[in-house]
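Morning, everyone. Let me put the structure up, and then I'll walk through it.

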Amino acid sequence: MAMDYAKCAAEIYQTLGGRSNLVSAAHCATRLRLVTVDNSKIDMKKLENIDGVKGVFSNNGQLQLIIGTGTVNKVYEEFLKVSGMTAATKEDVKAAAAAQQPIWKRMIKALGDVFVPILPAIVASGLMMGLVEALGKAIPSFAGSDWYGILDLMANTAFTFLPILIAVSATRVFGGNIFLGAVIGMVMIHPNLVNAWSVGSMEASEIPVWQLFGFFKIRQVGYQGHVIPVVIAIWLMCRIEKWLHKHVPEMIDLFVTPLCTVLATSFITLGIIGPIFSTAESYVLEFAGWIITVGYGIGAMIMGALYPLTVVCGIHHMYNVIEAGMLSAADGINIWMPVASAANFAQGAACLAVGLKAKNIKTKSVAIPSSLSAALGITEPAIFGVNLRFTKPLVCGMAGGAAGSLLASLFHIGATSYGVTGLPGFLITLDYTVQYAVVLAVSAAIAFALTWMFWKEETEETEGSAGTDKPAAAAPASEGTGAPENAAADLREKALFSPIKGTVIRREQIPDETFASGVLGDGVGIEPELGEVVAPFDGEISSVTDTRHAIGITGPGEMEVLIHVGVDTVNMNGDGFELFITEGEKVKAGQKLMAFDIDKIKAAGYSTTTAVLLTNSDDFPDFKVIKTGKTERQEKLFTVEP
């Protein structure tokens, strides 16, 4: 029976509390994205039971209703009619949602948005520093060579000019001109200023001062090794720039606004923001160091236990500020990383215990790969997909993390970078290899043992290990030849062929709760190696998003498929994506549909995992995934029988 879009929209509108409780509305490929005045006024259960709504959840201040590809746009059109609202972009909704959040959440999110994009530069520099230092110690003659000199220069560049990296990233977040932001970052570490690391060895009378207006004194000191003053300065710069753009006549805006922005920000930064917030930052770093080392490691033990909870709350990116500050200090040692690493590794071990002990095939298929991901420092799949769901593994992991963090503090382990934990952490803790190995081993052993002892699989879950939860056997190698002509010939089998070259993972492993839960249909995820999407069968393009990141296609036997490139890539507003088809167009298996920039998606901080879902899989009782692991385009992924 065809869905009544108008009825669905009207019921949603009424359940939300009418126009007075609505701020903004938009949609993406699968979801209706809303910002409301007060979510507590909404009957969520009633909202979920509306015909056409497949799920409801709240994320970052947005109320998201899962409706499905090819349908959500129609419901959205009816929703605008019944509510009298005007169409909004995803950025409008995002901004409205952010404005609804408490100020402390907005501040933490802003810090995360500033520091996450520069992680690749920090990680690369940290790993290179560790390797160069290790070579210098292993081969004494290398330490004095020209090779050592040039590699050392390359390794420490990101940290030497860290304020500029932060300034550019912060300007992007706060909405200013990134080149003006870069100038402010350069001003703060200009070579004419006394290097901040040299000030500690100087008497106060030796530090040169600029005397302005007879009373306004500015110390000629740089801000190497400081983080918070840069962020505050750029926030101020963006506010000044935006104000000037609004008030300066357009005829002279081009040169007046940049000039006044840089001058005003530079004076205020060097004279007020820098001295005040650099002092405040020093106290913050001292306090963080004190917490980790207080009471013979008791503070580190507490932080190691609580760390996974901050991941659950989404505020763990705030630690990047502390770690960046530690690395920028004179000694350049990050003592927070071992605490985070112990906590992450313990959660992975707890997840592994669940995977090995569980009888449910679906639980195993999620837990074991997620535990391996956690061992490499990516814990979200393990925490959200397994440990938090069963609770006891999360608590047991917290116990293991606490024990490992205690040892890390007692061993005085330090790292040369941030953003790296788990097994890759050995590359940035070269001076403490044995101690770091002990920390990881103890964390894992305690978490694994406790989970094995205290977690028990529920009876109803075990019963699900047979029947529908049993995965299909892997296809013979001959079925995976993958040539487009074979794909066309096999369409009689109602099969879907891989639209992307990469690594196929189970649907449950997709790092997005909506896709992983199956609420939008069964299917797989693909970690792409090549930024190109081709048609998975002969069919018709049923929908394309205005942000170009998702395509709906209908094929043999009325199979309705969603190809969604990346997670949360809707926020990129089409940047990095190119479509070669239009809605309603007939396509052939293997035909190029889309190109996307993998590096650009990663640089924006999003996962490239692509969901390939049969959105009407409920109509096909014999849905079988027959391919995981490495795949070429046009290799058979799954088959169905009507």
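Ala6 sits in helix H1, residues 5-16. Helices here are DSSP runs of H or I with at least four residues, strands are E runs of at least two, and both are numbered from the N terminus. Ala6 is partly exposed, because its relative accessibility is 37%. The scale is this: buried is under 20% relative accessible area, exposed is over 50%, and partly exposed is in between, with a 1.4 Å probe and protein chains only. Now look at Ala6 against Val82. They are 76 residues apart in sequence, yet 8.3 Å apart in space, C-alpha to C-alpha.

A word on the basis. This is a predicted model, where local features need pLDDT of at least 70, side-chain atom pairs count only at pLDDT 80 or more, and totals for chains, interfaces and linings use all residues. Residues are numbered from 1 along each chain as its sequence is written, and side-chain values use heavy atoms, with hydrogens and water left out.

The overall picture next. The chain has 23 helices and 20 strands. It runs to 642 residues, and 49% of them count as buried. Take the contacts between residues at least 6 apart in sequence: 73% of them join residues at least 24 apart. Contact means heavy atoms within 4.5 Å.

Where is Val53 placed? It is in the loop between helix H2 (44-48) and strand S3 (55-59). Val53 counts as buried because its relative accessible area is 8%. Leaving out residues up to four places away in sequence, Val53 touches Cys8, Ile12, Leu47, Glu48, Leu65 and Ile66. Take Cys8 from that list.

How many disulfides does a search of the whole structure find? The count is 0. The test is a pair of cysteine sulfur atoms within 2.5 Å.

Now helix H16, residues 361-375. Its 15 residues should span 21 Å at 1.5 Å a residue, and the end C-alpha atoms are 22 Å apart, so the two agree. The expected span is 1.5 Å times one less than the number of residues. Buried residues of H16 include Thr363, Val366, Ala367, Ser370 and Ala374. Just after H16 comes Gly377, with a positive phi of about 105 degrees.

That brings us to backbone angles. Most residues other than glycine have a negative phi. Two residues to look at here. His412 has a positive phi, near 60 degrees. His412 lies in the loop between helix H18 (392-411) and helix H19 (433-454). Gln634 also has a positive phi, about 75 degrees. Its loop runs between strand S19 (629-631) and strand S20 (636-639). Buried or exposed? His412 is exposed, because its relative accessibility is 58%. Gln634 is buried, because its value is 3%.

The rule uses a 1 Å grid over the protein atoms alone. A cavity is a set of points where a 1.4 Å probe fits but cannot get out. A pocket is an open set with protein on both sides within 12 Å along at least five of seven lines. Lining residues have an atom within 4 Å of a point. Points are joined across faces, edges and corners, and a volume is the space filled by probe spheres set on the points.

The count is 1 cavity of 30 Å³ or more. The largest cavity holds about 60 Å³. Its lining includes Cys28, Arg31, Asp512, His549 and His564.

The second largest pocket holds about 690 Å³. It is lined by 30 residues, with Lys54, Thr71, Glu560, Thr615 and Asn616 nearest its centre. Strands S11 (539-544), S12 (550-554) and S13 (560-564) are the elements that give two or more residues to that lining. S12 gives the most, with 3 residues. By class, the pocket lining has 9 nonpolar, 14 polar and 7 charged residues. Nonpolar means Ala, Val, Leu, Ile, Met, Phe, Trp, Tyr, Cys and Pro; charged means Asp, Glu, Lys and Arg; the others, Gly among them, are polar.
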